[in-house]
Amino acid sequence: MGLIEAEQGTNLKSILGAPRVKPEELDAAHGALGGRPVWVAASTHPGEEEQVLAAHNVLLKSHPNLCLILVPRHPERATDILPLIREANLSVAQRSMGQSLDAPTQVYLADTMGETDLWYALSPIVFLGGSFSDVGGHTPFEPAAAQTAIVHGPNYANFAEAYAAFQMKDASVQVTDSATLAAEIDTLLTHPSRAAQLATNARPLAPTGTEALDAIAHRLFSLMDGQAMDPHA
């Protein structure tokens with residue numbers, strides 16, 4: 001059996017607790033940014049960083065203080081990503097080296113494990129990687145739970161049903177390449193109410209805690225009762 005679904009379509013990957021963020025860490029990150037606008041590119045894979053960096057260079061023309069937090073899916077790829085950032089003529093600071101998220105950092109390479117929730121909580125906008133490549137996308141439930149606007153590419157076969165639900169509810173935006181990514185991020189930065197609306201629409205699609213567990217338990221008990229009544233089960 002694939003993902004176990006509840007009666008309203010809840011699946012196990014959507015059962016999330018509150019984002020695992022320490023308030024002092026979030027306050028420190030906000031303080032380091034100093035009010036600068038920010039967006040996150042999360043769970044990126046080879047071939048995607050180039051497109052994200054190209055989009056960021058376009059965005060800097062209209063948002064000169066903008067900071068990109070780049071979160072590769074595999075932090076050990078930092079040695080491959082740093083040259084790409086420098087080739088794009090962007091200033092960079094590296095999380096694993098203890099460098100600070102402050103001006104004049106244009107790209108903050110978040111090459112550590114277990115901190116994605118912090119970056120989701122910090123930024124009102126996230127681009128989910130794995131969707132410009134053949135990886136098949138990554139779960140939208142975590143950023144939805146963190147109440148950040150979700151932008152993604154066209155390749156999300158691993159979560160096709162989830163993304164269909166998000167798009168039906170106007171809870172995410174699909175882009176196709178670096179140009180459309182830059183255009184969409186620009187729209188969300190220029191119109192924060194639109195980003196907030198996407199986040200608001202997405203939040204109910206990532207039920208958390210007992211409400212999701214209760215729905216799944218109800219569905220499982222119904223299935224068990226049905227099998228008990230079926231003489232051929």
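Asn89 is exposed, with a relative accessible area of 68%. Exposed means over 50% relative accessible area, buried means under 20%, and partly exposed lies in between, for a 1.4 Å probe and protein chains only. Phi of Asn89 is near 60°, a positive value in a residue other than glycine. Asn89 sits in the loop between helix H3 (78-87) and strand E3. Helices (H or I, at least four residues) and strands (E, at least two) are DSSP runs, numbered from the N terminus.

The model is predicted: local features need pLDDT of at least 70, side-chain atom pairs count only at pLDDT 80 or more, and totals for chains, interfaces and linings use all residues. Residues are numbered from 1 along each chain as its sequence is written, and side-chain values use heavy atoms, with hydrogens and water left out.

Gln147 also has a positive phi, near 60°, and is not a glycine. Its loop runs between helix H5 (141-145) and strand E6 (149-152). Gln147 is exposed, with a relative accessible area of 52%.

A further backbone feature is at Pro104. The peptide bond from Ala103 to Pro104 is cis, with omega near 5°. Pro104 belongs to the loop between strand E3 (92-94) and strand E4 (107-109).

Now the sheet. Strand E1 (residues 38-44) is mostly covered, with 7 of its 7 residues buried. E1 runs parallel to strand E2 (residues 67-72), and 6 bridges join them. Two strands pair if DSSP finds at least two bridges between them. Trp39 has Leu68 as its bridge partner in E2. The chain goes from E1 through helix H2 (residues 49-62) to E2, in a right-handed β-α-β crossover. Right-handed means that, with the strands pointing away from the viewer, the path from the first strand over the helix to the second runs clockwise.

E1 also runs parallel to strand E5 (residues 125-128), joined by 3 bridges. Here Val40 has Val126 as its bridge partner. In a regular strand the side chains alternate between the two faces of the sheet.

Trp39 returns in the packing. The largest nonpolar core has 33 residues, and Trp39, Leu70 and Leu181 touch the most other members. A nonpolar core is a set of buried Ala, Val, Leu, Ile, Met, Phe, Trp, Tyr and Cys residues joined through side-chain atoms within 4.5 Å. Leaving out residues up to four places away in sequence, Leu181 touches Trp39, Val52, Ala55, Phe127, Phe132, Val151 and Val175. Contact means heavy atoms within 4.5 Å. Apart from this core lies another, of 32 residues, including Ile69, Ile150, Phe159 and Ala162.
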